[in-house]
Amino acid sequence: MAQAETGLSDRVERYIEALRRMQRGDFSGAALAVSTNGEVDPLAQALGALAHTLAGRARETERFDRLIQRVNAGLLLDEILESVYDDFRDLIPYERLGLALLDPDGQTVRARWARIDGGQIHLRRGYAAPLAGSSLQTIIETGQPRILNDLPEYLRHKPESESTRLIVAEGMRASLTCPLIANGAPVGFLFFSSTRAGAYRDAHVETFMRVAGHLSVIVERGRLASELAEQKRAVERQNRELSQLNEHKNTFLGIATHDLRSPLSLFEMATSMLLDADAGISDEERLILLRDMERQARHMLSLIDELLDVTAIESGHLRLELMPLSLGSFLAEAVERHQNMARPKGTRVILSLAGEEGTVRADPVRLRQVLDNLISNAVKYSPAGSIIQVSAAREASAWRISVTDQGPGILPEDRARLFQAFARLSAHPTGGERSTGLGLAITRRVVEAHGGEIGVESVPGQGATFWFTLPH
């Protein structure tokens, strides 16, 4: 009797010690499951099971505490999900983790993030499907997770399930889908997937739901933080754009006051002289004044047209009327037009076509604008008596049109600003012609709107070749 009491007393002491260790966070009480005489001790076994459960809860709590600290430190949604993927492997088996969120209207489920062990992701970010009528709708309505332990078999019965087909193609064979509920409202789903069929057969659903419940709040906070960060970036972008627009406005006003004031003053002076009956102007002098007024008016109209073009392009209102054009004929007309303009400087504009004739789909008005800008610039910056060559050559996927001059070339410090609006370069027109600094910026945007590219090849002092491409 005394021996039995002693044995009982020893067991009680062991029970008490095990409980004390568990209070201190030491959950090694599973060793109590077998008594000293080799018989199973039910109370010791219960204490061992409790220790095992508490150990799991402790690991779970530790993971969430660490995750919450990171969230409070400013982690965004993608960073939170990366942490979840790395930290929760011993709580839930998976080789793939995915997140899908409900659109604001609650009608569409959209893949937001995914990570997989050493494989290729097929179900990518942006994949979307309607919620109504899907198995995900049932998960939302019941608030219970869905376990599929044989994805290929499920796909055979549900061949219309594109999302299942995609993750099976990734090598997944089992899945656990948990609803994410934040503040009482569904926000999306977490998809745990495994390459092992039956990975969730002995699943403890309450564990998954507990984990999903904690993650719902954390993911929602991360999503909100990401949205705020994106809104901040958008505001910063808008501020930069507004700052650039303000700079353009100031430049615009500067050009308007400088480049319009001078010709308007000359225009006013010539008009006053023509209206003055006592000025004694001869017919030859009158003709000179009228021609000068015509040049000034043409310059002012050109300036206003370019400023309006820049305004339209920057506001996204550039519209193209595409049609098939004979490239050779179009270039020939442009060359002939500029030969007349170049003749007073003794400059020649010639055309060189390589190979067969071809057609392009382009807006004739805008393409003429591109050619006029490039050829007139070449004439403007080339010395008297020089040659401007316009050429076209067929490449693999596009026509390459080039305008080569014999001017001063482009300095390295000017290249970065060459195709920017209002850029004034180091070189000056050789015949006193005027420039707004807008032509090349407009040309670049028009070429890009056609699906082409534009560039320049130049050695300072040896002329320049401006080129652009147009798709076949």
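These legends walk through a few close-up views of one predicted model. Local features need pLDDT of at least 70 and side-chain atom pairs pLDDT 80 or more, while totals for chains, interfaces and linings use all residues. Numbering runs from 1 along each chain as its sequence is written, and side-chain values use heavy atoms, with hydrogens and water left out.

View 1. Helices (H or I, at least four residues) and strands (E, at least two) are DSSP runs, numbered from the N terminus. Of the 472 residues, 40% are buried, meaning under 20% relative accessible area with a 1.4 Å probe, protein chains only.

**View 2. The largest nonpolar core, 36 residues.** Such a core is a set of buried Ala, Val, Leu, Ile, Met, Phe, Trp, Tyr and Cys residues joined through side-chain atoms within 4.5 Å. Among the members touching the most others are Val 349, Ile 401 and Phe 466. Elements supplying at least two residues each include α10 (327–342), β10 (387–394) and β13 (464–471), but α11 gives the most, with seven.

**View 3. Helix α11 and its cap at Asp 363.** Since 14 of its 18 residues are buried, α11 is largely enclosed by the rest of the structure. At the N-terminal end, a side-chain oxygen of Asp 363 lies 3.0 Å from the backbone nitrogen of Val 365.

**View 4. Leu 367 and who it touches.** Leaving out residues up to four places away in sequence, Leu 367 touches Leu 325, Phe 330, Ala 362, Phe 468 and Leu 470 (contact: heavy atoms within 4.5 Å).

Terms used. Buried < 20%, exposed > 50% of the residue type's maximum accessible area, 1.4 Å probe, protein only. Polar contact = N/O pair within 3.5 Å; in protein donor to acceptor, adjacent residues only side chain to side chain.
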